[in-house]
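Biologist: Good morning. Could you please show me the model and guide me through it?

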Amino acid sequence: MAHSSRSAPPLLVRTVRSTHRLEEGTEYHIGRDERAAIPVTDPRVSWDHAVLYVSNGTWVLEDQGSRNGTYAGAERISRLNIDGPCVIHVGNPEDGPVLRFELEAVAQTPATAPPGSPAPSSPAHGSPAPSGSPGPSGSPRSPFDRWGDGGSHSSLPGVDREPTSRIQLPAARVVKIGRRPDNDIVVQDLGVSKSHAELKMSPTGRYQIFDLGSHNGTFVNGQRVNQAELTEDDIVSIGHATFRLAGGVLTEYIDEGNVPFEAQDLRVAVGDGGKQKVLLEGISFPLAERSMMAVIGPAGAGKSTLLNALTGKRQATTGSVFYDFRDLYANYDELKHRIGLVPQESVTHDQLTAKSALGYAAELRFPPDITETDRNQRVDEVLARATG
């Protein structure tokens, strides 16, 4: 492999579990080998599947003769020059593990923000300061203060804060969105239908989004829609992908759990007027990205009441819950699919194995165009994570 001394920007490689920042000067191997720079634990991925390196100032992905291949869309590739945001699949073109590439110089360009929002003053992919470290004023910094300026930009959702990719939409053309590789925008999420939605230019010169009878729906600002005309203020969600359209550029964010969660001044009361009984009051806390919280206490302490308020199942009487800096209650129909809760006692049938219970859940939640093989593979992946 011919390498060059010409400088190349750092490369961000995102997998379903983590983000890797690569710098030129060495080779980075991708594969099932746990010692690989980017390990991908899927049986369809070869032990040493592919390698990343810089050649003539450009990042290059090179397949290492893998058995099941590396794919850009539906095309099997042996070599790919990475000169902008792109997505590849390893092991299978349709549902193989996804790797998303973005040059850091591009990633640091401020995303399109809603009108009136301030522009970020530091890179979107800079490391967040540890909770409690001093901010510019010397006061402790919130774990949500990712911009290094005391938190004035911490309220941007992921699609504006650190987008996964940006796509220039072709003028006067229908843009198809779905799980199948022949879509213009491919969303690799088993909750997304093969042909899920499409974008069309309306007579007013604005784009409209049309749901194509998808199983799990298309959402605009948290509400499920059949069709809607879009403005730059609107957030569109399909599966775990979130989009914002501005100036003919579609900004995409894949929600892989790297989002903050916050409760603000929750109060739960039951009863009417002066006979109200307060069950919870003054509950406020932040939960940083990829955190786990346990709610522990004796019977009658209010555990279920708190969890119902936090998940939106039964909203608090007053107060707010924010998921990725978006109001959970206002966007509940969409965001409820992104929140997980493990109850004290199993809600599944006692005589079912974990695999059987997950299999039935997959049948209920996945679109009907998902094959039994795909469902079973997803169940095996979830079990492997739980036991691995």
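**Overview of the chain**

Modeller: This is a predicted model, and its chain has six helices and 26 strands.

Biologist: What share of the residues is buried?

Modeller: Of the 388 residues in the chain, 44% are buried. Among contacts with a separation of 6 or more, 48% are between residues 24 or more positions apart.

Biologist: What is the average pLDDT of the chain?

Modeller: The average is 80, and 81% of the residues score at least 70. Over residues 106-154, however, the pLDDT is below 50. That stretch has 84 contacts in the model beyond near neighbours in sequence. Where pLDDT is low, the predicted coordinates should not be read in detail.

Biologist: Now the sheets. In what order do the six strands of the open sheet stand?

Modeller: The order is 12-22-21-20-17-18, with antiparallel pairing.

Biologist: Why is one side of strand 12 and of strand 18 left without a neighbour in the sheet?

Modeller: Strand 12 (165-168) and strand 18 (223-225) stand at the edges and each has a single partner strand, so one side of each has no neighbour in the sheet. From one strand to the next, the twist averages 30 degrees.

Biologist: How many bridges pair strand 17 with strand 20?

Modeller: Strand 17 (residues 218-220) and strand 20 (residues 236-238) pair over two bridges, in the antiparallel sense. Phe 219 has Ser 237 in strand 20 as its bridge partner.

Biologist: One last topic: where does Asn 331 lie?

Modeller: Asn 331 is in the loop between strand 26 (326-327) and helix 4 (332-335).

Biologist: Is Asn 331 buried or exposed, and why?

Modeller: Asn 331 is buried, because its relative accessible area is 10% and the cut-off for buried is under 20%.

Biologist: Which residues does Asn 331 touch?

Modeller: Not counting residues up to four places away in sequence, Asn 331 touches Asn 221, Gly 222 and Arg 326. The side chains of Asn 331 and Arg 326 are joined by a polar contact of 3.2 Å.

How values were computed
Residues are numbered from 1 along each chain as its sequence is written. Side-chain values use heavy atoms; hydrogens and water are left out. Helices (H or I, at least four residues) and strands (E, at least two) are DSSP runs, numbered from the N terminus. Buried means under 20% relative accessible area, exposed over 50%, partly exposed in between (1.4 Å probe, protein chains only). A polar contact is a pair of N or O atoms within 3.5 Å; within protein, one must be able to donate a hydrogen and the other to accept it, and residues adjacent in sequence count only if both atoms are side-chain atoms. Contact means heavy atoms within 4.5 Å. Two strands pair if DSSP finds at least two bridges between them. Axes are lines fitted to C-alpha atoms, for helices over the stretch in contact, and angles run from 0 to 180 degrees between N-to-C directions. pLDDT is the predictor's confidence in each residue, from 0 to 100.
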